[in-house]
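Biologist: I have a new model to look at, and I would like to go through it with you. Can you put it on the screen?

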Amino acid sequence: MQGDEAPVVLPHPVRAAYLAAEGFEDALAEELGRQGVEIMAWHGRLALSASPPVAAAWALDIWLEPELHSIASIGAAAALLRGRQRNWACHAVRHHRRATLIADRLPPVAARPLVFPAAAPTGHLGGWTLLAPDMLLLSTRKSSPFVNGAVPFVEDRVRPPSRAYLKLWEACARLGAWPMPGERCVDLGASPGGWTWAIAQCGAEVVAVDRADLAPQVAAMPGVTLRRESAFGIEPAELGAVDWMFSDIIAYPTRLLALARRWIAGGTARRIVMTIKFQGTTDHETAAAFAAIPGGRVLHLWHNKHELTFLWDREAAAPAGALPPG
């Protein structure tokens, strides 16, 4: 990657920009390369491309309509941005003081932590950055409604047995839906219970499947039932209809893909939220196979590490004829 002070060389107009999560620039570059997208330059964690935008799971945010503008002054930059729309988020890489002075002349956009349950913001948000003191790159349209793709929450640092619940919260916020009282859920590979805790906190019933114990405070929560079985050995039909199937299992991606396909074919789950964990190199081929499942999508959550999250909805799959009979 380029250093913060290296000049940004743009041999062609910028037609898309992809924001990688910190430490996952290589995964994003590999994914884009597999799709024939060449990166002209890196600006911090922002990959600039002359190709039209494509879906990229490893991008926290995608700038869909980048524009490059020469700016004569701080005031001119702020006026340009204000004239296009109200809400802007700055991706500051270099020229920090100048970027701050521009941002100070714009309406404030506070990235306040969400209080779960909460859906993603609906306000229109653009992105901008300074490639040089007199050169501004902006995009009025982005793929993420969050400031630089970051999704902070007001955390519970006492009751959950791990911080894994933040991934479930973020996935639900992005879906705009979460487990509700009266709904039935299954959590595969549940121990020690971070996701089970988050589901039960929503008031839903949850069957936790794992050979290991849940944390005592989670096992004692109303609506929680533990089945001491292998998450891979249990058949969907054994559990009956569920509103949500959750999985944060540590396993090879190909095995997780087979598990997801089995649950979809079983026809008992209405929604699926599954973490795809990578060990060593990134298995882009299997990630692409997940993304190709009708009704599903794959994304790198802000709270993900070297992993992606698979989201699937039965109603979204139905128009594509991807559901089994009945």
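Biologist: How much space lies in the largest pocket?
Modeller: About 580 Å³. Bear in mind that this is a predicted model.

Biologist: OK. Which residues lie nearest the centre of the largest pocket?
Modeller: Ala55, Ala56, Ala57, Val298 and Leu299. They belong to a lining of 27 residues.

Biologist: And by class, what does the lining have?
Modeller: The lining of the largest pocket has 17 nonpolar residues, six polar ones and four charged ones.

Biologist: Where does the largest pocket lie relative to domain 1 and domain 2, and why?
Modeller: Between them, because both domains give residues to its lining. Domain 1 covers 16–149, and domain 2 covers 164–317.

Biologist: Back to β4. What is the strand order in its sheet?
Modeller: The order is β2-β3-β1-β4, in an open sheet of four strands with antiparallel pairing. The edge strands are β2 (39–43) and β4, and each of these pairs on one side only. On average, neighbouring strands of this sheet are turned by 25 degrees against each other, direction ignored.

Biologist: How many bridges are there between β2 and β3?
Modeller: Four, and the two strands pair in the antiparallel sense, with β3 made up of residues 46–49. As a detail to look for, Leu46 in β3 stands opposite His43.

Biologist: Now the sheet with β5 in it. What order do its strands have?
Modeller: β5-β8-β7-β6, which is an open sheet of four strands with mixed pairing. Its edge strands, β5 (66–70) and β6 (88–90), each pair on one side only. From one strand to the next, the twist averages 30 degrees.

Biologist: In what sense do β5 and β8 pair?
Modeller: Antiparallel, over five bridges, with β8 spanning residues 135–139. For His69, the bridge partner in β8 is Leu136.

Biologist: Where is Pro192 placed?
Modeller: In the loop between β9 (184–188) and α5 (194–201).

Biologist: What about His95, is its phi positive or negative?
Modeller: Positive, at about 55 degrees, although His95 is not a glycine. His95 sits in the loop between β6 and α3.

Biologist: Last one. Which residues does the UniProt "domain: Ribosomal RNA methyltransferase FtsJ" annotation cover?
Modeller: Residues 162–249, according to the UniProt record, which is an unreviewed entry.

Biologist: And how much helix and strand is there over residues 162–249?
Modeller: That part of the chain is 31% helix and 23% strand. The C-alpha atoms at the ends of residues 162–249 are 14 Å apart.

Technical notes
Residues numbered from 1 in each chain as written. Predicted model: local features only at pLDDT ≥ 70, side-chain atom pairs only at ≥ 80, totals over all residues. Heavy atoms only, no water. UniProt positions renumbered as here; feature names shortened; annotations may be inferred. 1 Å grid on protein atoms, 1.4 Å probe; cavity = no way out; pocket = protein on both sides within 12 Å on 5 of 7 lines; lining within 4 Å. Points joined across faces, edges and corners; volume = space filled by probe spheres on them. Nonpolar A, V, L, I, M, F, W, Y, C, P; charged D, E, K, R; others polar. Domains from an automatic or database assignment. Pairing = 2+ DSSP bridges. Axes fitted to C-alpha atoms, helices over the stretch in contact; angles between N-to-C directions.
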